Amino acid sequence: MENWSIAYQEAIEELFDGLSEVRWFRNPDLSLLTTWRIGGRALALVEVTNEEELVFVLSQCDRLGIPWRVLGRGSNILVSDQGFPGIVVRLLGSLAECHLLPGNRVEAGGGATLNRFISFAVRNGLGGCEFLIGIPGTVGGAVVLNAGCFGGEIERLVERVLVRERNGELRWREKHEIFFSYRGSSLKETSAVVVRVVFQLFSENPKRAVEKMRHFFALRKSSQPLDFPSAGSVFRNPPGDYAARLIEQVGCKGLRLGQAQVSLKHSNFIVNLGGARAWQVEYLMEWIRKEVYRQTGIWLENEVELWR
Ligand SMILES: Cc1cc2nc3c(=O)[nH]c(=O)nc-3n(C[C@H](O)[C@H](O)[C@H](O)COP(=O)(O)OP(=O)(O)OC[C@H]3O[C@@H](n4cnc5c(N)ncnc54)[C@H](O)[C@@H]3O)c2cc1C
């Protein structure tokens, strides 16, 4: 272990030994916390269950200079084989719950899974969010990345967001204060933490909403390799085109290195056939990027985020 890593480890022990109410774990295996099932360990995993714990833990990390990241469901990240030398924070407890608000609105914690939020809304006679069914992330991860599919993006449902700003303050931000883009947002750029989100939905017959969910899930199942661990689309679609189409066109579909393989079902997915390493996925990504550039002049940008 590097010297600086040992120094962080000591600071972490000191910090959490005095915080008996916060659950934390030493050296968590991040491969178990990502949908790719790939990656090394972090120095610590901290589970915060309310705003006060979140603000306190992050301000202490900032004060001590310990690197930290918020982890949702780990469905859009590639953790390096060496792991992440810092603290990984998960939002659980009250920060993963959903509540009904007047006016067809739902407040969801940043740590709630999208599937939980959608089923809560539908059970309460609300709709508009069904298209997101099957995206295996959290509300927080989906809002910072402006997750989307089938022509829609989560942005259209957002009314306001409670964020922990980079300076440590908690603040409600109205939608018009947030800039959403294709798989990104100003929240991501400013390293804001999404603590809670209020969604504006509409009244919907639960039977009809369930039918829509079935429809969208069937579309997903028919086009995506859901039988193997992955992180969804690896590259962003370039303007006016599809990364999957380009990858197939340049002959990279099915390319394999060790247990990592460019999916035969969806060329923009790299699947873990069992025991794939992060370096193998990264190597495949670079190979694809160069091959697409060599043959088409288009430079593919990552959609997945690398944690190292
Ligand atoms: C099979 C499969 C299908 C997928 N299909 C789609 C799809 O159709 N459309 C789509 O857009 N994506 C899709 N994805 C990708 C992924 O599910 C989404 O990007 C999702 O929004 C990521 O959420 P997460 O909670 O897993 O975030 P993570 O992967 O845990 O984190 C991603 C980033 O978000 C940050 N983050 C997480 N939570 C918070 C928070 N509360 N506040 C601030 N930052 C936070 C993390 O720090 C990190 O930078 C798919 C993935 C898989 C595996």
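The structure is a predicted model, in which local features need pLDDT of at least 70 and side-chain atom pairs count only at pLDDT 80 or more, whereas totals for chains, interfaces and linings use all residues. Residues are numbered from 1 along each chain as its sequence is written.

N27 has a phi near 45°, a positive value in a residue other than glycine. Burial is assigned from C-beta atoms placed from the backbone: a residue is buried if 20 or more other C-beta atoms lie within 10 Å of its own, exposed if 12 or fewer, and partly exposed in between. N27 counts as partly exposed because it has 13 C-beta neighbours inside 10 Å. The loop between β1 and β2 also holds R37, which is not a glycine and yet has a positive phi of about 60°. With 17 C-beta neighbours inside 10 Å, R37 counts as partly exposed.

The protein contains 8 helices and 20 strands. Taken along the principal axes, the C-alpha atoms fill a box of roughly 55 × 55 × 30 Å. Buried residues make up 43% of the 308 residues. Two residues are in contact if their C-beta atoms, placed from the backbone, lie within 7 Å, and among contacts between residues at least 6 apart in sequence, 66% join residues at least 24 apart.

The chain is divided into domain 1 (3–91), domain 2 (97–223) and domain 3 (243–307), with bounds that come from an automatic or database domain assignment. The centres of domain 1 and domain 3, taken over C-alpha atoms, are separated by 29 Å. The contact between these two domains takes 12 residues from domain 1 and 10 residues from domain 3. On the side of domain 1 that touches domain 3, strand β4 (residues 77–79) gives the most, with 3 residues, and the residues of that side divide into 6 nonpolar, 3 polar and 3 charged. In this classification Ala, Val, Leu, Ile, Met, Phe, Trp, Tyr, Cys and Pro count as nonpolar, Asp, Glu, Lys and Arg as charged, and the others, Gly among them, as polar.

The ligand is surrounded by 32 residues, of which the closest are G72, G137, G140, G141 and G232; a residue is near a molecule or strand if its C-beta atom, placed from the backbone, lies within 6 Å of it. The elements that give two or more residues to this shell are β3 (68–70), α4 (139–144), β9 (148–149) and β15 (193–200), and the largest share, 4 residues, comes from α4. By class, the shell has 15 nonpolar, 14 polar and 3 charged residues. At least three residues are drawn from each of domain 1 and domain 2.

In soluble globular proteins, nonpolar side chains tend to be buried together. In the present model the largest nonpolar core has 93 residues, and those with the most contacts inside it are L78, I87, F117, V143 and V194; such a core is a set of buried Ala, Val, Leu, Ile, Met, Phe, Trp, Tyr and Cys residues joined through C-beta atoms within 7 Å. Leaving aside neighbours within four places in sequence, V143 is in contact with I154, V158, V161, L187, V194 and V197.

Further residues illustrate other surroundings. S267, in the loop between β18 (260–262) and β19 (270–272), counts as buried with 25 C-beta neighbours inside 10 Å. The C-alpha atoms of S267 and I247 are separated by 6.2 Å, although the two residues are 20 apart along the chain; not counting residues up to four places away in sequence, S267 touches A244, I247, E248, C252, K253 and V262. W172, found in strand β12 (residues 170–174), is exposed, with 12 other C-beta atoms within 10 Å. Not counting residues up to four places away in sequence, W172 touches R160 and L162.
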